[in-house]
Amino acid sequence: GEFYTIQSMAGLPPLPPGRTLVGQGYNLVATGFPTDTEVLTGSISFQYLGNDVLMIGANEDDLTIYFWDGNDWHELGTVVDTYYNMASAPSQGPGVYALMASVKIPLYGPGWNLVSYPVPGTLVVTEALRSIEGSYAIVYGYVMTDTVDPWRVQGVGAPAYVNRLHE
């Protein structure tokens with residue numbers, strides 16, 4: 001009466017901001033167990049093609065396995081073996097799992113952390129920084145073509161006339 005299977009996903013819920021899917025997602029299904037968490041208390045692993053990571057412009061060291069709980073994606077503590085192209089993380093039981101890439105920027109503590117925005121493309125500031133929401137108070141941007149007033153700012157809770165950095 002116990003059964004579990006892994007199904008490839010034709011589509012996934014919207015990915016967290018700044019994340020790119022590597023390969024495809026999978027749904028782990030289990031039935032007939034007294035509780036869903038008893039079925040798998042080990043790990044889940046993804047083997048990926050190095051070329052898939054290169055094609056999306058990612059770094060293998062920045063791969064992370066995510067778990068969808070039905071409402072949100074959760075980043076799992078992922079160990080990546082770049083020699084064998086394998087990413088592993090603790091299983092969360094039945095649910096959807098996906099291997100994703102993102103650019104990871106180390107922040108060295110409270111206070112001023114000067115970093116550039118390394119993601120290609122344009123996003124609204126709050127969307128671009130959603131993954132660190134609550135961890136910043138002000139963001140500055142420099143528009144090189146504006147010779148009169150090149151600095152733009154987006155401050156958390158600042159009035160609209162102050163927030164001139166939109167993207």
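**A chat about strands, rings and pockets**

Visitor: Hi! Which strand pairs with β9 over six bridges?

Guide: Strand β5, residues 63-68, pairs with β9 over six bridges, in the antiparallel sense. Keep in mind that this is a predicted model.

Visitor: Noted. Which residue stands opposite L99 in β9?

Guide: I65 stands opposite L99. For T64, the bridge partner in β9 is M100.

Visitor: And β5 itself, how many of its residues are buried?

Guide: Six of the six residues of β5 are buried, so the strand is largely enclosed by the rest of the structure.

Visitor: Which residues point which way from β5?

Guide: L63, I65 and F67 point one way, while T64, Y66 and W68 point the other way, and all are buried.

Visitor: What about β9, how many of its residues are buried?

Guide: Strand β9 covers residues 95-101, and seven of its seven residues are buried, which makes the strand mostly covered.

Visitor: How many bridges join β3 to β9?

Guide: Three bridges join β3 to β9, and the two strands run antiparallel. There, L28 has G95 of β9 as its bridge partner. Strand β2, residues 20-21, also pairs with β9 in the antiparallel sense, over two bridges. In that pairing, T20 has A101 of β9 as its bridge partner.

Visitor: New topic: aromatics. How many aromatic pairs does the structure hold?

Guide: There are six aromatic pairs in the structure. One of them joins Y26 and F46: the pair is tilted, at 5.8 Å centre to centre with 55 degrees between the planes.

Visitor: Where do Y26 and F46 lie?

Guide: Y26 lies in strand β3 (residues 26-31) and F46 in strand β4 (residues 43-47), so the pair ties together parts that are 20 residues apart in sequence.

Visitor: Is F46 buried or exposed?

Guide: F46 is buried, at a relative accessible area of 6%. Y26, on the other hand, counts as partly exposed at 31% relative accessibility.

Visitor: Which aromatic pair is edge-to-face?

Guide: Y140 and W151 form an edge-to-face pair, with 6.4 Å centre to centre and 90 degrees between the planes. Y140 is in strand β10 (residues 138-142) and W151 in strand β11 (residues 151-155), so this pair ties together parts eleven residues apart in sequence. Y140 is partly exposed, with a relative accessible area of 44%. Ring pairs also link Y140, Y142 and W151 into a cluster.

Visitor: Last topic, pockets. What volume does the largest pocket have?

Guide: The volume of the largest pocket is about 1200 Å³. Its lining has 38 residues, of which V115, S116, Y117, L129 and I132 lie nearest the centre.

Visitor: Which elements give two or more residues to that lining?

Guide: Those are α2 (125-128) and β10. β10 gives the most to the lining, with four residues. By class, the lining of the largest pocket has 23 nonpolar, eleven polar and four charged residues.

Visitor: And what lines the second largest pocket?

Guide: The residues are P14, P16, P17, R19, Y66, W68, N71, D72, W73 and S131. They divide into six nonpolar, two polar and two charged. About 170 Å³ of space lies in the second largest pocket.

Terms used. Residues numbered from 1 in each chain as written. Predicted model: local features only at pLDDT ≥ 70, side-chain atom pairs only at ≥ 80, totals over all residues. Heavy atoms only, no water. Phe/Tyr/Trp six-rings, centres within 6.5 Å; stacked < 30°, edge-to-face > 60°. Buried < 20%, exposed > 50% of the residue type's maximum accessible area, 1.4 Å probe, protein only. 1 Å grid on protein atoms, 1.4 Å probe; cavity = no way out; pocket = protein on both sides within 12 Å on 5 of 7 lines; lining within 4 Å. Points joined across faces, edges and corners; volume = space filled by probe spheres on them. Nonpolar A, V, L, I, M, F, W, Y, C, P; charged D, E, K, R; others polar. Pairing = 2+ DSSP bridges.
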